[in-house]
Amino acid sequence: METNQTKAKPLALSGKMSNETFITFLMIGVLLFLFAVAAVFVPNFYQPRNILNLVTNSWYIIILGIGVTFLLITGNFDLSVGGVIAMTGVLSVYFSQAANVSQNELANGLGLPYGVAVVLALICAMGIGAVNSFFVVRIKVPSIIVTLGTMMLARGIAQIVTQGAQRNTSLPDVFGVIGNVSIPGTPVKISVVIMILLVIVAFIFERMTVHGRRTYLIGANAESARLSGVNVNRHLTTLFILSSLLAGITGLLMASEFKAGISNRATGYEFDALVISLLGGVSIAGGFGSVLGMFVGALILSVVTSAATGLLLSPDWQFTLKAIAVFIAILSQGYFLSRRKG
Amino acid sequence: MKRTTPLERNTGMQKNTLAVQQDWTAVFRSNLKHFYIYFVLALVVVIFSVVKLDEVDMFQRGHFLNPDNVINLLRIAVPIITVSGAFTFLMIAQYIDLSVGSAMSLSAVVFALMILNGYNFIVAMLVTMIVGILMGTLNGFLVMKLRITPVIATLVTLSLYKGIALLIVPDGLSSIKGNSDNPMPAWINDYGRKDVLLGLPAAFYVAIIIIAILVVVQRKTILGKYTAAIGGNRTAADLSGINAVAVIWLLYIIVGFCAAMAGMARASYMSLGDPLSGDGIETACIIAVLLGGTRFAGGEGAVEKTIIGAIIVICMTVGMLTIIPAYWQTFVMGSVLILAVVLNHLLVKD
């Protein structure tokens, strides 16, 4: 009886670290270790400028990772994020290109004001999320199948609008501002600031709001969540639309950064987003994981890939390295968690 | 016990439970459920035959049903036909293997590399088969022994196999191919292109044999029954003593083997080993399996219907190219997947 009562105490009161925090600290340890190894072998790896780059260069994957992490916690996948980035970028360009200025079809857009174009593009992105959630929630199709379909739909729309290439002419000057302006005096771009803000908001949402905690409940046991009065369907719908919205914001920022809507942009990002979530300790099995862990996972991936580049490994190594990193992460996290319980 | 077709079983059940006047709708529904895939195929073929009839005559060069075009279509369909049968088994058991495309690419690269380095066909084929079996074994190990979620485990091996295939290809080349010093032997084409019977190559008949074996396995052997049992109700299957770990592991190995055969056919068809040649085959397989009426909740499905689904997918891919620009391809395939899901939901669900 005594032990049962102590077990029943909330983790916060018992003074014991929660499993998520434990995994996050574990992964921070791994990050520091990998960084130390890389600093020894790769020249100039330890320099502050490079450390800053490690964080700032992965802003887009972290923004994607927020939505993907929450969905993974509920036991769902979102493979459509890469396609949504391409679609939103291309559509925002198409909407804001000047109308009837050239013989070239790809130079003519709809001539809408930039603000309207952005809002419309984001609505289209949320539309993809709505399609995802409709099939997953109403028809009960496995999310992997639906989001594979909407990934192709979204990228298909991007390819149709750009005729398989890109749109980059007759854009208003304001289009290239938000993706390229940096904070005065530093090389840090606005996109990075947006990323940091989104991570903080997501962290507060995850830890301190009822909705955030419900996400874990749904992941642990959707049926018991439903029976205890959580509107599981509405919650999942919100999360799918949120994930697509975040992908849409990323798409807008990237289109602005390059001042072009490129139809094959962000190929494979859905996999990278999944990789950083898994590196950060998200488990599909049962409502487990955290945004902070995902952030650390993104840094680990960043260190690994840039160290590989620094060691002059061919870019072909990226796929293999990512696969090995995830294998090690999944196995070691499982091992440490089981030891902690035992 | 008397063997009954699914149709008879269903209508029999309906008679017991429903009023008599509803019986014919039940018969209709159950007929529709079992045969709609053939209607869809007929519809697709008819549409593509009619759509350009004002420009080309029936069966003439450039027409969809022109014999050369049909043969070409079936040759292109070889890899997906080879893989999708075994893929159906996995989907029936509620598992999935997203790494088939990469496994196919890696097999193609290995096969082409062996041929380029002077090994004969039999040796190259055996090595490729072993590679395929090893890849399937690794997938099965990760999913069944280490208990990693199938989607994640096979997404990771997708990345791994593709990475290895890319690493095998020498720097500066996009694929394993011959050059003037070391040309690719011309007979590498024989397996995937040379006319054996009715204008179709050996690879096509190998695919048909694989499918025939899988159909027999599904209908007549205990493996087929166990697969359906595991997909239908995992707990019940475990409790009735089915060794799910062994069954699913075996299925992963079969899928890996089939992917290797498909990669070989593709390498032989293109006479080079392209490390990206299998990309997207997993999506095509999923579309084929869903079109073929395998329930996405598992437990029910048929290999032969998946093959019809695979042929529909290839018809769409080839036929669409003749009427709309190539950059519509992704969108069309995405729509077909969503459509397959909707059809599956409306017709297959009981």
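**Helix packing and chain contact in a predicted two-chain model**

In H5(A), residues Trp59(A), Ile62(A), Ile63(A) and Ile66(A) meet Ser191(A), Val192(A), Met195(A), Leu198(A), Val199(A) and Ala202(A) of H9(A); two residues are in contact if their C-beta atoms, placed from the backbone, lie within 7 Å, and helices (H or I, at least four residues) and strands (E, at least two) are DSSP runs numbered from the N terminus. By class, this contact of H5(A) with H9(A) has 9 nonpolar, 1 polar and no charged residues (Ala, Val, Leu, Ile, Met, Phe, Trp, Tyr, Cys and Pro count as nonpolar, Asp, Glu, Lys and Arg as charged, and the others, Gly among them, as polar). The model is predicted: local features need pLDDT of at least 70, side-chain atom pairs count only at pLDDT 80 or more, and totals for chains, interfaces and linings use all residues. Residues are numbered from 1 along each chain as its sequence is written, with chains lettered from A and ligands numbered from 1 in the order in which they are written.

Helix H5 (residues 59–73) and helix H9 (residues 190–208) of chain A have axes 9 Å apart and pack at about 25° (axes are lines fitted to C-alpha atoms, for helices over the stretch in contact, and angles run from 0 to 180 degrees between N-to-C directions). H5(A) and H9(A) are therefore roughly parallel to each other (under 35 degrees; over 145 counts as roughly antiparallel, 65 to 115 as roughly perpendicular and the rest as oblique).

In chain B, helix H12 (residues 281–291) and helix H14 (residues 329–348) cross at roughly 30°, their axes coming within 8 Å. H12(B) and H14(B) are therefore roughly parallel to each other. Thr283(B), Ile287(B), Leu290(B) and Leu291(B) of H12(B) are in contact with residues of H14(B), including Met333(B), Val336(B) and Leu337(B). Chain B as a whole has 14 helices and 0 strands.

The contact between the chains takes 36 residues from chain A and 31 residues from chain B. On the chain A side, helix H8 (143–162), helix H13 (269–279) and helix H15 (317–341) each supply at least two residues. The largest share, 13 residues, comes from H8(A). This side of chain A divides into 25 nonpolar, 8 polar and 3 charged residues.

Chain A averages a pLDDT of 86, with 94% of the residues scoring at least 70 (pLDDT is the predictor's confidence in each residue, from 0 to 100). Over residues 1–13 of chain A the pLDDT is below 50. Where pLDDT is low, the predicted coordinates should not be read in detail.
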